[in-house]
Amino acid sequence: MQTPKVIFLDAVGTLFGVRGHVGQVYASIAQEFGVRVDPSLLNRSFIHSFQSAPAMAFPGIDPLDIPKREYDWWQAVTLYTFKQADVLDQFTDFSGFFAKLYKHFATPQPWFIYPDVLPALKQWRSQGISLGIISNFDSRLYPLLDALNLTLFFSSVTISTEVGAAKPDPKIFYTALQKHNCTPEAAWYVGDSKTEDYWGAKEAGLRSFLIQRAVG
């Protein structure tokens, strides 16, 4: 197998994941605001809310408006999550709760790096292979990579909110490739979503690999 010029990786679910599950984090912070809810119920509600939300990409907007659009996108997902769990009316300060929740996910506390990640990154770097991230995450990814000590491994980070297109749209893959002056045939892509990552990268012409993480 020919050594690639660049290996791109997905972020959440590939490089790092949420400790426990999202419902546990949401429920823990909600409790600080007087709201009690079963974490498993909340996690199911989150998955439904997240999967039914529009793509986190904002084509044609002023780059200065991106942070607010990201914040509003996640606030809508979170509000619907608690509405689906039938506990939204328990909040007396949902805006304050969400502000704390949003900031929390930009810190390393709710995240963990998968144990196979650092050895792989170090090996690829020792082989002289450039590394990049292609993610449908928002701009909190930059401080999060810093906090997790992962920034130094990557020479490019490409996110959907800045490109205006989300995986599996080929535009986000082509944008990342341009940063490395690389053709699709000379790049690999590793991700955990069969639709967004594996087939998205494959349709864009990259050699794609699907990584299957244990759930729970």
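## A residue in helix α2

Ser45 touches Thr81, Gln84 and Ala85, when residues up to four places away in sequence are not counted, a contact being a case of heavy atoms within 4.5 Å. This serine belongs to helix α2, which covers residues 39-52; helices (H or I, at least four residues) and strands (E, at least two) are DSSP runs, numbered from the N terminus. Ser45 counts as buried because its relative accessible area is 6%, where buried means under 20% relative accessible area, exposed over 50%, and partly exposed in between, with a 1.4 Å probe and protein chains only.

## What kind of model this is

The model is a predicted one, in which local features need pLDDT of at least 70 and side-chain atom pairs count only at pLDDT 80 or more, while totals for chains, interfaces and linings use all residues. Residues are numbered from 1 along each chain as its sequence is written, and side-chain values use heavy atoms, with hydrogens and water left out.

## Overall dimensions

The secondary structure of the protein comes to 9 helices and 7 strands. Its C-alpha trace spans about 55 × 40 × 25 Å along the principal axes. The radius of gyration is 18 Å, which agrees with the value near 17 Å that a compact globule of 216 residues would have; this radius is taken over C-alpha atoms, and the globule rule is 2.2 Å times the number of residues to the power 0.38.

Of the 216 residues, 46% count as buried, and the accessible surface of the protein comes to about 11000 Å², with 53% of that belonging to carbon and sulfur atoms. Accessible areas come from the Shrake-Rupley method with a 1.4 Å probe, and for residues only the protein chains shown count as cover. Among contacts between residues at least 6 apart in sequence, 67% join residues at least 24 apart.

## The parallel sheet

An open sheet of 5 strands runs in the order β5-β4-β1-β6-β7, with parallel pairing, where two strands pair if DSSP finds at least two bridges between them. The edge strands, each pairing on one side only, are β5 (156-159) and β7 (207-210). Neighbouring strands of this sheet are turned by 20° against each other on average, direction ignored; axes are lines fitted to C-alpha atoms, for helices over the stretch in contact, and angles run from 0 to 180 degrees between N-to-C directions. Helix α8, made of residues 170-179, packs on the sheet and touches β1, β4, β5 and β6 (187-191), with its direction at about 160° to that of β5.

Strand β1 (residues 6-9) is joined by 4 bridges to the parallel strand β4 (residues 130-135), and β1 also pairs in the parallel sense with β6 over 4 bridges. On the β4 side, Ile7 has Leu131 as its bridge partner and Leu9 stands opposite Ile133, whereas in β6 the residue opposite Phe8 is Tyr189. In a regular strand the side chains alternate between the two faces of the sheet. In β1, Val6 and Phe8 point one way and Ile7 and Leu9 the other way, and all are buried.

## Nonpolar cores

In soluble globular proteins, nonpolar side chains tend to be buried together. The largest nonpolar core here has 51 residues, and those with the most contacts inside it are Phe16 and Phe82; such a core is a set of buried Ala, Val, Leu, Ile, Met, Phe, Trp, Tyr and Cys residues joined through side-chain atoms within 4.5 Å. Helix α1 (residues 22-32) gives the largest share of this core, 6 residues. Phe16 has contacts that include Ala11, Trp111, Phe112, Leu141 and Leu150, again without counting residues up to four places away in sequence.

## Backbone details in the loops

A cis peptide bond, with omega of about 15°, joins Lys167 and Pro168, and Pro168 has its place in the loop between α7 (160-163) and α8.

Asn149 has a positive phi of about 60° although it is not a glycine, and this asparagine is found in the loop between α6 (141-147) and β5. With a relative accessible area of 56%, Asn149 is exposed. Asn181, also not a glycine, has a positive phi of about 50° and is found in the loop between α8 and β6. Asn181 counts as exposed because its relative accessibility is 68%.
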